[in-house]
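I open this notebook to record what I looked up in one structure.

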Amino acid sequence: MAAIKYYPEEVLVEKMQSGEYGWLEYVNHHSAEWQEEYEDYCLNHGLCICEETAEQFVHYKDRQLEQAIENGDA
């Protein structure tokens, strides 16, 4: 099994903008933690693992970060 390479967010954004990666690749190459959280997110919400739900998950993570910043937790 090949090891998955993880990238900094800036690199992932560039790969998305160039069309090299979609949302699912973005999640899968962000971190092992995100991969696990995304699987749990899909299981807990009865969702399939696909581009659409990967995009929803990224927006969910953005909202979590915004809340943490507002609360002084990040």
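I began with surface patches, which I took as groups of residues with over 30% relative accessible area and no salt bridge, like charges being joined within 9 Å and nonpolar side chains (Val, Leu, Ile, Met, Phe, Trp, Tyr) within 5 Å. Lys and Arg count as positive and Asp and Glu as negative, while His and the chain ends are not counted. I placed each charge at NZ of Lys, CZ of Arg, CG of Asp or CD of Glu. Accessible areas come from the Shrake-Rupley method with a 1.4 Å probe, and for residues only the protein chains shown count as cover.

I note the basis of the entries: the model is predicted, local features need pLDDT of at least 70, side-chain atom pairs count only at pLDDT 80 or more, and totals for chains, interfaces and linings use all residues. Residues are numbered from 1 along each chain as its sequence is written, and side-chain values use heavy atoms, with hydrogens and water left out.

**Entry 1, negative patch.** I found a negative surface patch made up of E9, E10, E14, D62, E66 and E70. Helices α1 (9-18) and α4 (51-70) each contribute at least two of its residues. E66 belongs to α4.

I took helices (H or I, at least four residues) and strands (E, at least two) as DSSP runs, numbered from the N terminus. The protein has four helices and zero strands. Its C-alpha atoms fill a box of roughly 40 × 30 × 20 Å along the principal axes. Of its 74 residues, 27% count as buried (under 20% relative accessible area; exposed is over 50%, partly exposed in between).

I searched the whole structure for a side-chain nitrogen of Lys or Arg within 4 Å of a carboxyl oxygen of Asp or Glu, and two salt bridges were returned. K15 pairs with E20, their closest N and O atoms lying 3.1 Å apart. K15 is buried, at 14% relative accessible area. The other bridge joins E37 to K61, with 2.5 Å between the closest N and O atoms. Because E37 sits in helix α3 (residues 32-45) and K61 in helix α4, this pair ties together parts 24 residues apart in sequence. E37 is partly exposed at 25% relative accessibility, whereas K61 is buried at 13%.

Is T53 buried or exposed? T53, in helix α4, is buried because its relative accessibility is 4%. Its side chain reaches the backbone oxygen of C48 at 2.6 Å. H59, also found in α4, is partly exposed at 34%.

How values were computed: Buried means under 20% relative accessible area, exposed over 50%, partly exposed in between (1.4 Å probe, protein chains only). A polar contact is a pair of N or O atoms within 3.5 Å; within protein, one must be able to donate a hydrogen and the other to accept it, and residues adjacent in sequence count only if both atoms are side-chain atoms.
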